[in-house]
Amino acid sequence: MSALPRLGRAPGAVVPPVRIVHLGLGAFHRSHQVWFTANASDAAEWGIAAFTVRSPDAARPLAEQGGLFTLVERGPDGDRATVLPNLVEAHDGADLPRFRELLADPSVAIVTLTVTERGYGVGPDAPTPEAFHADDVARLTAGRDPVTPLGRLYDGLRHRHAVGAGPITVVPCDNLPDNGALVARLLRGIADRVDPAFRAALEQDVSFVSTSVDRITPRTTAHDLEAAGRLTGADDHAPVVAEPFADWVLAGRFPAGRPNWESAGATFTDDVGPYTTRKLWLLNGAHTMLAARGLSRGHETVAAAMADPVVADDVEAFWAAAVRHLPADLEPDRYLARLRSRFANGRIEHRLRQIQQDAPLKIRLRILPVLEAEHAEGRALPAADRAIADAAAFETSSTHAPADGPDHERTPAS
Ligand SMILES: NC(=O)c1ccc[n+]([C@@H]2O[C@H](COP(=O)([O-])OP(=O)(O)OC[C@H]3O[C@@H](n4cnc5c(N)ncnc54)[C@H](O)[C@@H]3O)[C@@H](O)[C@H]2O)c1
Ligand SMILES: O=P(O)(O)OC[C@@H](O)[C@@H](O)[C@H](O)[C@H](O)CO
């Protein structure tokens, strides 16, 4: 039990009005979208109401703190702590009445999502994302509450349409290529099966934005709770630790408005595709390789694996191959130079077991495209072959166990 006063809002404190609703209350949402919103020039106008997906745990301490939490930016030389004020509501994802109520508010302009690849049904849970949503299609058709993130989003959007609350923008922020188009396709597919008349409204009133998101944010540990308390003098049960670097590239329309995210460093572009490929191959592809090669050589963290020349040489060989297939105008070498120092930041304890989860899916999306591009030009890529073999061996080994809990919704304090 901490002797420090509990973090919370002062009675009567003015909070930004809710204009953004979020699904997936993990650490990344808070280090990234909440941080960009809190650092925007019009931050006072944009409050966020966030919902968990599978467990209410992450919402509890945040709700007790009025949504306040500490972001610890952990650089190679020290920590910088800031309490971010823009998360103003935290709810259990099963609280569909509140979710519907918020989506029915015309001043709510944006829904963001961070629900992992599997949250969209991309991965081992079903043969296709459409099949993953079949159970929710049956629930929605029967008037029962949906359980998947997109089932809930569909339900909320249909309710918004029914009350005439106007256009809205959906912004998925997961590491998936063309994530806006994917969500548009899946929601329209649900409409086709549940309520075909609603499909036209979805096409007309809901804008889907594709994004590339970047900020290394490991799972919060008990040690991070102590660090946040030391830095702020308040007892925070839900801090987040992230690297100082943050990047967000977005493409698409915001018919109901948006925060001035570019004033916090976000980039708006017509085509997010090349940015996503650069990030998914160079950062996430390398992370996937580091997890496979690093775990097989007994390492526990990204920094430890990168400090092993055998692993680092394989990552460098993968990077050299990937750069050959990326557009030169995106300056992949400049991105790589920064990435090398980000990965070398040993104060960020990014655990390989967390990154290793769902390795087969990640290899398919982040390593195989580079391997195939090299093969097409007659070159082998043994470093990638070794990573794929190590990942396969790890998947079948008896030491293969979940990292430390299913996701960030289970906070160390909860
Ligand atoms: N953490 C990072 O460094 C980082 C950086 C860039 C992008 N991202 C993206 O954000 C996502 C979330 O990251 P996080 O660190 O907050 O992770 P997390 O594991 O805490 O997951 C966040 C949310 O996803 C939900 N979720 C997890 N598995 C699910 C499943 N199978 N079905 C439905 N919902 C599920 C959780 O319940 C939680 O609400 C990542 O998967 C990635 O796509 C993360
Ligand atoms: O589960 P993943 O592979 O999508 O994410 C694990 C990490 O590679 C990822 O979270 C990175 O830290 C992040 O993408 C950096 O922006």
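Biologist: Which residues surround ligand 2?

Modeller: Ligand 2 is surrounded by Asn175, Asp214, Arg215, Ile216, Leu283, Asn284, His287, Ile355 and Lys362. This is a predicted model, where local features need pLDDT of at least 70, side-chain atom pairs count only at pLDDT 80 or more, and totals for chains, interfaces and linings use all residues. Residues are numbered from 1 along each chain as its sequence is written, while chains are lettered from A and ligands numbered from 1 in the order in which they are written.

Biologist: What makes a residue near a molecule?

Modeller: Its C-beta atom, placed from the backbone, must lie within 6 Å of the molecule.

Biologist: Which helix gives the most to the shell around ligand 2?

Modeller: Helix H11 (residues 273-296) does, with 3 residues. Helices are DSSP runs of H or I with at least four residues, strands are runs of E with at least two, and both are numbered from the N terminus.

Biologist: Where do the domain bounds come from?

Modeller: They come from an automatic or database domain assignment. Here the protein is divided into domain 1 (18-270) and domain 2 (274-396), and the shell around ligand 2 draws at least three residues from each.

Biologist: How many residues of domain 1 are in contact with domain 2?

Modeller: 17 residues of domain 1 are in contact with 16 residues of domain 2. Two residues count as in contact if their C-beta atoms, placed from the backbone, lie within 7 Å. On the domain 1 side, helix H4 (116-119) and strand E9 (210-214) each supply at least two residues.
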